[in-house]
Amino acid sequence: MSSSDRLPIRDTRPQPQPVKHHHSARYYAQRVRESFTTRVTKVLCAIFLSFLLVSLIVFFIVWLSLRPHRPRFHVIDFTVPGLAQKPGLDNAVITFNVTARNSNQHIGIYYDSMEGFVYYKDKQIGSTPLLHPFFQEPKTTTVVYGQFGIGAATLAVNSRRWKEFVNDRQHGTVYFRLGIMSVIRFKVSTWKSVHQKMHVNCDVAVGSDGLILPAWKNRKCSVYFS
């Protein structure tokens, strides 16, 4: 018998049925609670991250507008009148004028103390208290006047040091360095910063007449904190 004459054979064996899992109502309730908790957690995280981002942006903008700028100091005048006198040591006096500018727009500055120093060849030769404690409003300029003198015991210059002054004077220029140390606080509205020690250094030179040379007048001083 050929293969084309064969009768088809039907497989009557029972086929395996897929296993059906039956879950209880508690199972489905648990799944719903887990899904709800996950969604709530995601929403809360999104809200928190959005709030954090907005807060950082606002803080950055406020910081840009309110960040404190350090005061700016310029030497206006510096004189050693005794250099043009004989003998000058007996009347040795150094006077100076410096401007302190608060360039901040919304920040005031408390100057709780201020002291001036004068140096010659990096050696301190005088010190004196300066202004009494004061508050400087934003966008204002304060003139700081000071004087060092032998009679006031604020200038320590002996005959040898004075002779060095005179020798430099003969070359046309005597170099000094004026220093100011102040303890300050910044004020924004009702908030006040902690105390900060500010240092100001002003290089200056006088001519043979004891007056500040034009090239050194109105020169900006360096400012740093410690």
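**Close-up 1. Contacts of T128 in the predicted model.** T128 touches E115, G116, Q147, F148 and T154, leaving aside residues up to four places away in sequence; a contact means heavy atoms within 4.5 Å. T128 belongs to strand β4 (residues 123-129), strands being DSSP runs of E of at least two residues, numbered from the N terminus. With a relative accessible area of 9%, T128 is buried (buried: under 20% relative accessible area; exposed: over 50%; partly exposed: in between; 1.4 Å probe, protein chains only). The model is predicted, so local features need pLDDT of at least 70 and side-chain atom pairs count only at pLDDT 80 or more, while totals for chains, interfaces and linings use all residues. Residues are numbered from 1 along each chain as its sequence is written, and side-chain values use heavy atoms, without hydrogens and water.

**Close-up 2. The aromatic pair Y110 and F135.** The whole structure holds 9 aromatic pairs (rings of Phe, Tyr and Trp, the latter by its six-membered ring, with centres within 6.5 Å; planes under 30 degrees apart are stacked, over 60 edge-to-face, the rest tilted). The ring centres of Y110 and F135 are 4.6 Å apart and the planes stand at 50 degrees, so this pair is tilted. Because Y110 lies in strand β3 (residues 108-120) and F135 in strand β5 (residues 134-136), the pair ties together parts 25 residues apart in sequence. Y110 is buried at 18% relative accessibility, whereas F135 is partly exposed at 30%.

**Close-up 3. An aromatic cluster.** F78, Y120, W162, F165 and F176 are linked into a cluster by ring pairs.

**Close-up 4. Charges over rings.** R177 lies over the face of Y119, 4.1 Å from the ring centre (NZ of Lys or CZ of Arg within 6 Å of the ring centre and within 35 degrees of the ring normal). The charged end of R219 sits over the ring of W216, at 4.0 Å from its centre.

Key
Helices (H or I, at least four residues) and strands (E, at least two) are DSSP runs, numbered from the N terminus.
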